[in-house]
Amino acid sequence: MFIDHEYIERILEEAKGAKGEDIKAVLEKAKRRDGLSYEDIAVLLQAEDKEDLNEIFKLAGEIKDSIYGKRIVIFAPLYVSDYCVNNCVYCGYKRTNEFNRRRLTMEEVAEEVKILEKMGHKRLALELGEDPVNAPIDYVLECLKTIYSTQSDNGEIRRVNVNIAATTVENYKLLKEAKIGTYILFQETYHKPTYELMHPKSLKGDYNYHTTAFDRAMEAGIDDVGGGVLFGLSDPKFEVLGLMMHNKHLEEKYGVGFHTISMPRLKPAAGVTLQEFPHLVDDEMFKKLVAIIRIAVPFTGIIMSTRETSEMRRELIKYGVSQLSAGSSTGVGGYKEREEGRETLQFKTSDDRTPLEVIKSVLDDGYIPSYCTACYRRGRTGERFMKLAKSGEIQNVCEPNAMTTLLEFAIDYGDKEILEKAEAVVKTERERIKRKDIRDILDKNIERLRAGERDLYL
Ligand code: SF4
Ligand code: SF4
C-alpha cells in the first residue's frame, strides 16, 4: 500500500523538533517553487508562531493568485439518494439511522436540476449513498443523462462531477462514457486503524479497496480525480501527509495527481455527536491546513463546502481555496423541499446564503466568481490540464472565462446590483489581461453574450 504509515509517523515525530529557522527555510524553498518533500511539509505543519503562520498564509495566497488569478469556481451539490448499506460512524445516512430513505425519480431529478439552473448553476456534484440494490450504477447513469438533458430557458448544467462509492474499472468506464467531469471520492481518513474503526462491517470498510479506487478510475480512462479527507477523524497532520502520498502515487503511476482536494470538517449530523471524536480541528488549525495544502500542491483545486461559515469561507479564499459551493442543500430532493419550506439534511450546513449573496460577497472581496466549465469540454483534462496549470498559462483561459460566465450569470439571474458589480469587474479585469489576442477573444465573447448567445468560452 502506497500510504506508508510508519514513514508518516516517523517524519511527524522528527518534525516536532523543528525550529523557526527550519520553517523559514522550507518557506524559502516553497517561494522558489522548488517542490516540497514530505519532510518539508511535516516541518510546515509544526508552525505555531504567529509570524510564521502569517508567512504561510501570505505565500499560499500568492501561489493561488499566480496560478489561477482571481477566479473562484462556483458549484452546487445534488443529492439524489440516501439509501446506504454502510455504517460510517460520522454520517447521518448510516444504515442504523432509521428514517424514510428514498431516491429521486428521474422526474424529481429534473425538478431539482431546474431549480438549480434557476439559481444560475452550471456545475454540479452528484452525491449519493452506497447501495448496489437501491441505487446501482445504472441509476447513476440515468441521473447523469437526466441532468445533462434538462434545460430551462438559458439554464443548463454543463459539467457534472460525481461522488459515488469506490467501484470497479467497468463501472468507472461507464461513468467516463456518461461524460462525467471529475470523479470525486473522499478517503475520509488515511489512517488505517481509524478508517477501520469508522467503517464497521460494511462494503466501505475495506481500506485497500477504497484507497485504490482512483487507480481503477484512472485505468478506466477517467483522468480528473478529486480526493478529500474528513478532517476530525484522525490526526490532521497525518491526513495531510496521507493526501500528499496519495497524490504522488497517482502522479508517478498515471502522470497526474489530484485535480481537486475537498476539505470538509466533521459536523454534527443525525446520530452523530462531536464529543466522540478526539481529533476535531479548530479554526486556527484548519486555516493552516488549507494554506499548507495550497503551498504543497499549487496546481490542485481546493474545494470548500457550505459546512463552513461564510466568514471562514471568505477567509479561506485568501489562503488558497479555489472552488466554493453556493446555495447548497444536502438533502435528497432538498432544493424542492427548501422551496416548500421543509428540508432534511445529510449534515448541518453553516453557510446558508443564496448564490446571489455568495456571488456578491466574493465580488466584494476582490475575486471573480466563475461558472466556467471550459477545460473539460475543450479536452483540457488530466496531464494536459496539469501542463497548462504548471506553465502558468491556465490564467489565460481562467480569467476571461470567469468574466464571461459571471456576466452571463448576472444578465440571466442577477439583480441590478450584481449586474453593476459584474460589469465593473469585467471593465477593470479586462485591462489587466496582457495578451492582446486573449483580450480580443474576450471582447468578442462578451459582445456575442450581450447579443443573446450563451455558453461562450476559450
Ligand atoms: Fe453512506 Fe457515505 Fe454516509 Fe458512509 S458517508 S454512511 S457511505 S452516505
Ligand atoms: Fe476551471 Fe478550466 Fe474554467 Fe479555469 S478555464 S475555471 S481551470 S474549467
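1. A salt bridge here is a side-chain nitrogen of Lys or Arg within 4 Å of a carboxyl oxygen of Asp or Glu. Keep that cut-off in mind for E127. The model is predicted.

2. E127 is part of strand β2, which covers residues 123–128. Is E127 buried or exposed? E127 is buried, yet it has no salt bridge. R307 is the nearest side chain of opposite charge, and it is 8.3 Å away.

3. What does E127 touch, leaving aside residues up to four places away in sequence? Its contacts are P77, L78, Y79, V80, S81 and N163.

4. Next, helix α17. This helix spans residues 382–391, and its buried residues include G382, F385, M386 and A389. Viewed down the axis of α17, the buried residues fall within an arc of 95°, so they line one face of the helix.

5. Which exposed residues sit on the face of α17 turned away from the buried side? They are R384 and K387. The buried residues of α17 pack against two helices: α4 (50–68) and α16 (374–377).

6. After α17 comes G392. The phi of G392 is positive, near 85°.

7. Last, the ligand site. How many residues surround ligand 1? There are ten, and the closest are C84, N86, C88, C91 and K204. By type, the shell around ligand 1 divides into five nonpolar, three polar and two charged residues.

Conventions
Residues are numbered from 1 along each chain as its sequence is written. Chains are lettered from A and ligands numbered from 1 in the order in which they are written. This is a predicted model: local features need pLDDT of at least 70, side-chain atom pairs count only at pLDDT 80 or more; totals for chains, interfaces and linings use all residues. Side-chain values use heavy atoms; hydrogens and water are left out. A residue is near a molecule or strand if one of its heavy atoms lies within 4 Å of it. Ala, Val, Leu, Ile, Met, Phe, Trp, Tyr, Cys and Pro count as nonpolar, Asp, Glu, Lys and Arg as charged, and the others, Gly among them, as polar. Helices (H or I, at least four residues) and strands (E, at least two) are DSSP runs, numbered from the N terminus. Buried means under 20% relative accessible area, exposed over 50%, partly exposed in between (1.4 Å probe, protein chains only). Lys and Arg count as positive and Asp and Glu as negative; His and the chain ends are not counted. Contact means heavy atoms within 4.5 Å. The arc is that of the directions from the helix axis to the C-beta atoms.
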